[in-house]
Amino acid sequence: MAAEDLKSQALNPPEDFYELIGVPINASDSDIRRSWRKAALKCHPDKVGNDEVARKRFHRLQVALEILSDAHLRDLHDNARRARSEKKRREDEFDEHRKRLKEDLERRERAGLKRKREEAQAEAEFDMKLREIQNMSRRRKQEYAEKRRKEAQAQKMEANKPQTQTQIPQEADRSIAFQYPKDSLSQKEVLSLCERFGPIAEVVVRDKKVKVNGEKKRREYTSVVLEYESIVGAHAAISDIGRLQAEDAATWKLFENVRWADGKEPEYISKLKQSQIKDPPKSTNAPADLKTRTESILIRMKHAQKKRMEEKEKRNIEECKPAT
């Protein structure tokens, strides 16, 4: 083969000539020739006849021997071999890096989808619980209204005079809602603070990300729905938390968006205000302001409830004393 062709083959070898002959890269010239003879005998044209594959292999062996037997061409081949090996190593490392990036991206996507599913499930459970309270309240209001209607009809037939219907507070009338930054308070701390207004019958909490004006990233908040045993406790919480935030901001500033759970003031309180307008107190010493009069009634109800609780606790203590 011409010298230029051999040089071209050495610079751009179609394969590893050391591997083709079957010798290590540091093999001596004698080792190369000895291994070449063994390999060439297996595919020599006189032995294989018309086997085209064997003939081509014999030709490649000849080229490999000529290049590896010449010191200059062997150096060119070794440099090309190292460059090709280094390129393959870089490609393998790049593929491995790309594989890790892909796996990391897929893992993040799975975690994000899982978090979104959990948030959606928590929000759905919270909304369902809130709807249950509202539906139960409406149903009991309807049942009570129907019962009072029938009682009024029966009494009207007996006494031939209209009966005054009394509106009683239901679950939604005793429920308030608010939110606070997540992890700023524990549920135990929230209940401890809110129990000052009255006994709590039930609590529903959920975590939710809320868009805050002027901020790009959503903040994590904990939303709470508290159902008090009495409307007095719920009204006290609605009325007093705003005042407490001004008096003791360090404790109460975390309570945000304090409101009635049903989104509006209970009909019971509205009717109480209307009754104050229709039938104002005759005493000249009575408060002139409607809000003050309404709050006075609720405060008396709160004191009465507190007194009943104290009497109940006193009876329990007496029952627990050993008999003499």
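These questions and answers concern a predicted model.

Student: Is Tyr-180 buried or exposed?
Tutor: Tyr-180 belongs to strand 1, which spans residues 175-181. Its relative accessible area is 4%. Buried means under 20%, so Tyr-180 is buried.

Student: How many of the seven residues of strand 1 are buried?
Tutor: Tyr-180 lies in this strand. Strand 1 is mostly covered. The number of its buried residues is six.

Student: Which residues is Tyr-180 in contact with, leaving aside its neighbours within four places in sequence?
Tutor: Contact here is a matter of heavy atoms within 4.5 Å. With those neighbours left aside, the partners of Tyr-180 are Leu-185, Val-190, Tyr-221, Thr-222, Val-224 and Leu-254.
One of them is Val-190.

Student: What separates the C-alpha atoms of Tyr-180 and Val-190?
Tutor: Along the chain, the two residues are 10 residues apart. Between their C-alpha atoms the separation is 9.6 Å.

Student: How many bridges join strand 1 to strand 3?
Tutor: Strand 3 covers residues 219-228 and runs antiparallel to strand 1. Within this pairing, Ser-175 has Glu-227 as its bridge partner. The bridges between strand 1 and strand 3 number seven.

Student: Which residue in strand 4 does Ala-177 stand opposite?
Tutor: Strand 4, residues 256-260, pairs with strand 1 in the antiparallel sense. Three bridges make up that pairing. Opposite Ala-177 stands Arg-259.

Student: Is Cys-194 buried or exposed?
Tutor: The relative accessibility of Cys-194 is 0%. The cut-off for buried is under 20%, so Cys-194 counts as buried.

Terms used:
Residues are numbered from 1 along each chain as its sequence is written. This is a predicted model: local features need pLDDT of at least 70, side-chain atom pairs count only at pLDDT 80 or more; totals for chains, interfaces and linings use all residues. Side-chain values use heavy atoms; hydrogens and water are left out. Buried means under 20% relative accessible area, exposed over 50%, partly exposed in between (1.4 Å probe, protein chains only). Helices (H or I, at least four residues) and strands (E, at least two) are DSSP runs, numbered from the N terminus. Two strands pair if DSSP finds at least two bridges between them.
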